[in-house]
Amino acid sequence: MKVLVLGATGSVGSVVVQNLLKAGASVVALTRSADKAKNLPAGVEARIGDLNDPYQVGDAFKGVEAVFLLNAVSSTETQEGLFALEWVKRHGVKKLVHLSVQHVDRAPHLPHFAGKIAIEMAIKQSGIDFTILQPNNFYQNDYWFKDVMLQYGAYPQPLGSVGTDRVDIRDIADAAAKALEGGGASGKTVILAGPSSETGASTAATWSKHLGKPIAYLGDDLEAWEQGSLKYLPPWMVFDFKMMYAWFQQHGLKAGAGEREATEKLLGHPMRTFDAFAKETASQWKA
Ligand SMILES: NC(=O)c1ccc[n+]([C@@H]2O[C@H](COP(=O)([O-])OP(=O)(O)OC[C@H]3O[C@@H](n4cnc5c(N)ncnc54)[C@H](OP(=O)(O)O)[C@@H]3O)[C@@H](O)[C@H]2O)c1
């Protein structure tokens, strides 16, 4: 099976590539960067293209049987996803696996959720054999907070106190590889929610335990988070993410009845725990 992975140089896509290689698939990776193409794993065919340039990127979809469709959060995410879907259709790709967000339709007011709702709707109407993956907040987002945790003893992601069922990227990539290989999730939406509901305070407590030093949750003050974030993130992204964290603080993001069990059945293994992720990561950081 020849599979094109979009987002192949990023956090999720790079693990999807590894899983597909292990399963013996022929892997094609899209990247905008000739330098990143040089660092792809051995055996991966790189195709250079930008989803924002629909004429130039079209050939990247030639000759593949399946596509993993991931769009980076950007102000052009919706059109990038829809251009990709159009090329999937034009080249007669048989299987499409799309990375969305958990329960995306419950928060259509969030800009980077709204774009995914439009892409999901277009995929469902396309007639293509699809699987939609809907992950919760990634454990691996905490890599961004390594320095602030190690240097200042602070955990800054304003997750609130209702609870989000955060998830390990490796479980998302396992589900993606299964679905791309035809593993029984055709026409389905797969919820990727981890086994524990984490709050800002519980996340900080788990990091304290494994880093062996106090890590304080910086709290739910979204105005303070916004002022800090505007120093290093683009304004459209800070505005969008502040809306998202306000949604998490009000409603949380938890799996519904039976959703996690259905996903574990597809995966064939239990979802990885946040505690195990933090333990493994803390020991790497301390080494
Ligand atoms: N973080 C979370 O907690 C979370 C939770 C649920 C869902 N998600 C979703 O996960 C997705 C992000 O996944 P990620 O963290 O793996 O992404 P990432 O690490 O930020 O990587 C982004 C990838 O997209 C590629 N890319 C960006 N713009 C492109 C363009 N115009 N044309 C072609 N390729 C392009 C990049 O490739 P090059 O740079 O090599 O071109 C890179 O491989 C988003 O849709 C987000 O909403 C995230």
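In the predicted model, 28 residues surround the ligand, and Thr9, Gly10, Val12, Thr31 and Arg32 are the closest; a residue counts as near a molecule or strand if its C-beta atom, placed from the backbone, lies within 6 Å of it. The elements that contribute two or more residues to this shell are α1 (11-22) and β2 (26-31). Helices (H or I, at least four residues) and strands (E, at least two) are DSSP runs numbered from the N terminus. The largest share of the shell, 3 residues, comes from α1. By class, the shell holds 12 nonpolar, 12 polar and 4 charged residues, where Ala, Val, Leu, Ile, Met, Phe, Trp, Tyr, Cys and Pro count as nonpolar, Asp, Glu, Lys and Arg as charged, and the others, Gly among them, as polar.

Residues are numbered from 1 along each chain as its sequence is written. As the model is a prediction, local features need pLDDT of at least 70 and side-chain atom pairs count only at pLDDT 80 or more, while totals for chains, interfaces and linings use all residues.

Strand β2 is mostly covered, with 5 of its 6 residues buried. A residue is buried if 20 or more other C-beta atoms lie within 10 Å of its own, exposed if 12 or fewer, and partly exposed in between, with C-beta atoms placed from the backbone. Strands β1 and β2 pair in the parallel sense over 4 bridges, pairing being assigned if DSSP finds at least two bridges between two strands. In this pairing Leu4 stands opposite Val28 of β2. Together, β1, α1 and β2 make a right-handed β-α-β unit; a crossover is right-handed if, with the strands pointing away from the viewer, the path from the first strand over the helix to the second runs clockwise. Strand β2 also pairs in the parallel sense with β3 (residues 45-48), over 4 bridges, and Val28 stands opposite Glu45 in β3.

Strand β1 (residues 2-5) is joined to β4 by 3 bridges, and the two strands run parallel. The bridge partner of Val3 in β4 is Ala66. A further 4 bridges join β4 to β5 (residues 95-99), again in parallel, and Val67 has Leu96 as its bridge partner in β5. Between these two strands the chain passes through helix α4 (residues 77-90), and this β-α-β crossover is right-handed. In a regular strand the side chains alternate between the two faces of the sheet. In β4 (residues 66-69), Ala66 and Phe68 point one way and Val67 and Leu69 the other way, and all are buried.

The largest nonpolar core has 66 residues, of which Val67, Phe68 and Ala176 touch the most other members. Such a core is a set of buried Ala, Val, Leu, Ile, Met, Phe, Trp, Tyr and Cys residues joined through C-beta atoms within 7 Å. Helix α7 (residues 169-180) gives the most to this core, with 8 residues. Leaving out residues up to four places away in sequence, Ala176 touches Val16, Phe68, Val97 and Leu133, contact being defined by C-beta atoms, placed from the backbone, that lie within 7 Å.

Two loop positions were also examined. Phe61 lies in the loop between α3 (54-57) and β4 and counts as buried because it has 23 C-beta neighbours inside 10 Å. Beyond its neighbours within four places in sequence, Phe61 is in contact with Leu4, Val67, Trp87, Val88, His91 and Val93. Gly127 is found in the loop between α5 (111-125) and β6 (129-135). Gly127 is exposed, because 8 other C-beta atoms lie within 10 Å. The C-alpha atoms of Gly127 and Gly187, 60 residues apart along the chain, are separated by 9.8 Å.

Key:
Two residues are in contact if their C-beta atoms, placed from the backbone, lie within 7 Å.
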